Amino acid sequence: MNVLILGANGMLGPHVIKALEPHHTLRLTDINDLDTPHEYIKVDASDLDHVVRVAEGMDAIINLSVMRTDRVRAFDVSARGCYNMMVAAVEHNIDRVINTGPFYAVAGPSYERFDHGVGPDVPAHPGTWLYALTKSLGQEICNVFTEFHDIHVMDLLFYMFLHAETHVGEPGDPIAQIGHDLVPYTVSWRDAADSFRCALDIDLSALPSRSEVFFMFPDLPHGKFSNEKAKRILGWQPQDDLSQYWMKS
Amino acid sequence: MKILITSGGSDLSRHLADSLATHHDVHVTDRDQIESPHDFERSDLDHSRATNSLIAGVDVIVHSGASDPDASASDQLDYQMRCTYNLLRAAVEEGVPRFVYLSTLRLLDLYDEKMAVTERWKPRPTTNPPLLATHLGEIVCREFAREHGIQVVILRLGELTEDGESQPSTSALYFDDAAQAVTKALDAELSGWLDIFHVQSAVPGARYLVGQPWWSADDVSPPVSLGFSPQGRAER
């Protein structure tokens with residue numbers, strides 16, 4: 001499959017490339033320069049014409065682009081970037097799009113602070129934090145396009161990443177400390193990357209609708225969120241054991 | 001009351017400003033330099049102190065969800081998402097108590113005309129940039145209402161129509177009726193966070209139901225009503 005990756009030089013990009021390069025032909029794009037053996041084109045995801053041009057000849061688009069803090073660029077990249085990607089998909093008859101974001105693009109503070117057992121199909125409550133809201137708006141743009149075009153969008157939502165075996169948190173590290181618990185939405189880089197392989201492999205007719213959201217994290221004991229849908233529909237089976245973080249040392 | 005109206009150069013905003021100015025201290029802003037008989041300040045509605053200064057001391061912001069039809073799709077989306085965000089963020093910071101967003105009934109046009117569509121129905125935007133942009137603007141409003149306690153009133157307006165139109169559409173809204181709805185939205189006693197109202201005139205075959213009170217399924221919240229009563233052409 002010919003796969004376009006937007007934002008390929010971010011934190012997750014190298015892991016996704018490593019997981020996909022044995023199986024697919026990759027066209028990498030990023031606003032920053034990238035030293036890679038794969039085809040690389042410098043692209044600003046907020047540039048509609050450029051995004052449309054680089055999507056020519058592709059079978060799928062993966063959107064890893066993100067801008068979290070600058071207010072102008074956050075709307076440009078995280079929200080309007082999705083519009084540009086979907087216009088490109090329409091233009092080139094690309095029927096498979098994999099979008100990404102944080103879990104709070106759906107389950108913002110009004111879920112996270114109070115509830116447990118939260119699944120990915122609840123109505124979006126991103127709140128007003130710039131990162132969450134702009135990613136949620138981007139997700140909604142994708143969703144509206146799927147209503148009118150034969151394009152399937154899979155939204156893979158992540159939060160904290162770590163190297164399962166080598167991560168050593170600093171004292172007070174809010175992400176994960178061995179024996180002191182971890183953020184109840186954490187996944188290893190390797191398992192996160194493998195979810196993209198699943199999203200490219202899945203028969204589109206196996207998806208319940210043209211717009212599906214998935215929470216991507218391994219089995220965690222907190223019961224805060226649910227990964228059941230990702231395992232059941234995508235067939236994603238995370239391999240890395242994170243239990244050392246939530247068991248007392 | 002001190003009122004700020006955005007997109008001051010549009011026909012609707014000009015009409016609203018003139019109408020509201022009979023009882024309120026009306027201020028107008030626009031991203032372009034325009035001529036206005038009211039207190040005018042040009043603003044990009046950017047992420048800057050200038051936006052905070054623009055709205056400081058304002059009691060109600062009336063923000064247009066209509067896009068400039070000559071603008072690019074990117075600019076239309078940017079305006080309704082980012083500029084609406086900037087306005088709301090500044091409003092929260094400056095303690096502005098109420099925000100009125102002028103959306104459109106076209107968000108419900110995909111439903112069968114025979115259906116009794118009310119504010120409880122899910123919006124169905126298309127990918128057409130002006131409509132998609134307004135839908136996204138509503139979402140920005142909704143999240144601020146949910147999180148910050150600022151009172152947001154979304155008025156979904158019908159098709160703005162000149163008074164003398166001989167064959168108005170079934171979702172027509174005369175400018176005076178629009179002004180009446182906005183006037184009511186300034187100080188109506190509402191839920192205190194997010195309230196949505198459909199607004200159109202009483203034209204023949206009127207497509208959308210208006211003026212019905214909202215009610216909650218709980219036994220605590222009283223019904224909420226804007227008090228809007230369309231006049232229609234026959235009564236004008």
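What is the mean pLDDT of chain B, and what share of its residues reach 70 or more? The mean is 93, and 97% of the residues of chain B reach 70 or more. These scores matter here as a starting point, for this is a predicted model. The model as a whole scores ipTM 0.93 and pTM 0.95.

Start with the sheet of chain A. Strands of a sheet pair through backbone hydrogen bonds, either parallel or antiparallel. In chain A, 7 strands form an open sheet, and the pairing is parallel. Read across the sheet, the order is β3-β2-β1-β4-β5-β6-β9. The edges belong to β3 (39-42) and β9 (211-215) of chain A. Each has a single partner strand, so one side of each is left without a neighbour in the sheet. From one strand to the next, the twist averages 20 degrees.

Strand β2 (residues 25-30) of chain A pairs with β3(A) in the parallel sense, over 4 bridges. Take R27(A) as an example: its bridge partner in β3(A) is E39(A).

Helix α3(A) lies across β1 (2-6), β4 (60-63) and β5 (96-102) of chain A. It runs at about 175 degrees to β4(A). Helix α6 (residues 189-201) of chain A packs on the sheet too, touching β1, β4, β5 and β6 (152-158) of chain A. The direction of α6(A) makes about 170 degrees with that of β6(A).

Next come helices against helices. Two packed helices are described by the angle between their axes and the distance between the axes. In chain A, helix α3 (residues 71-91) and helix α5 (residues 130-148) pack at an angle of about 15 degrees, with their axes 8 Å apart. Among the residues in contact are F75(A), Y83(A) and M86(A) of α3(A). From α5(A) come residues including L137(A), I141(A) and F145(A). By class, the residues of this contact divide into 12 nonpolar, 4 polar and 2 charged.

Turn to chain B, again beginning with a sheet. This open sheet of 7 strands has the order β3-β2-β1-β4-β5-β6-β9, with parallel pairing. At its edges stand β3 (39-42) and β9 (194-199) of chain B. Each has a single partner strand, so one side of each lacks a neighbour in the sheet. The twist averages 20 degrees from one strand to the next. Strand β2 (residues 25-30) of chain B runs parallel to β3(B), and 4 bridges join them. Here H27(B) has D39(B) as its bridge partner in β3(B).

Helix α3(B) lies across β4 (60-64) and β5 (98-104) of chain B, at about 175 degrees to β4(B). It also packs with α4(B), at an angle of about 15 degrees and with the axes 8 Å apart. That makes α3(B) roughly parallel to α4(B). The crossing of α3(B) and α4(B) is right-handed. Among the residues that meet are L77(B), M81(B) and Y85(B) in α3(B), and L136(B), V140(B) and F144(B) in α4(B). The contact holds 13 nonpolar, 6 polar and no charged residues.

Finally, where do the chains touch? The contact takes 18 residues from chain B and 19 residues from chain A. On the side of chain B, α3 (73-94) and α4 (129-148) each supply at least two residues. Helix α4(B) gives the most, with 9 residues. By class, this side of chain B has 8 nonpolar, 5 polar and 5 charged residues.

Key:
Residues are numbered from 1 along each chain as its sequence is written. Chains are lettered from A and ligands numbered from 1 in the order in which they are written. This is a predicted model: local features need pLDDT of at least 70, side-chain atom pairs count only at pLDDT 80 or more; totals for chains, interfaces and linings use all residues. Axes are lines fitted to C-alpha atoms, for helices over the stretch in contact, and angles run from 0 to 180 degrees between N-to-C directions. Two residues are in contact if their C-beta atoms, placed from the backbone, lie within 7 Å. Ala, Val, Leu, Ile, Met, Phe, Trp, Tyr, Cys and Pro count as nonpolar, Asp, Glu, Lys and Arg as charged, and the others, Gly among them, as polar. pLDDT is the predictor's confidence in each residue, from 0 to 100. Two strands pair if DSSP finds at least two bridges between them. Angles under 35 degrees count as roughly parallel, over 145 as roughly antiparallel, 65 to 115 as roughly perpendicular and the rest as oblique. A crossing is left-handed if the near helix is turned anticlockwise from the far one by less than a right angle, and right-handed if clockwise.
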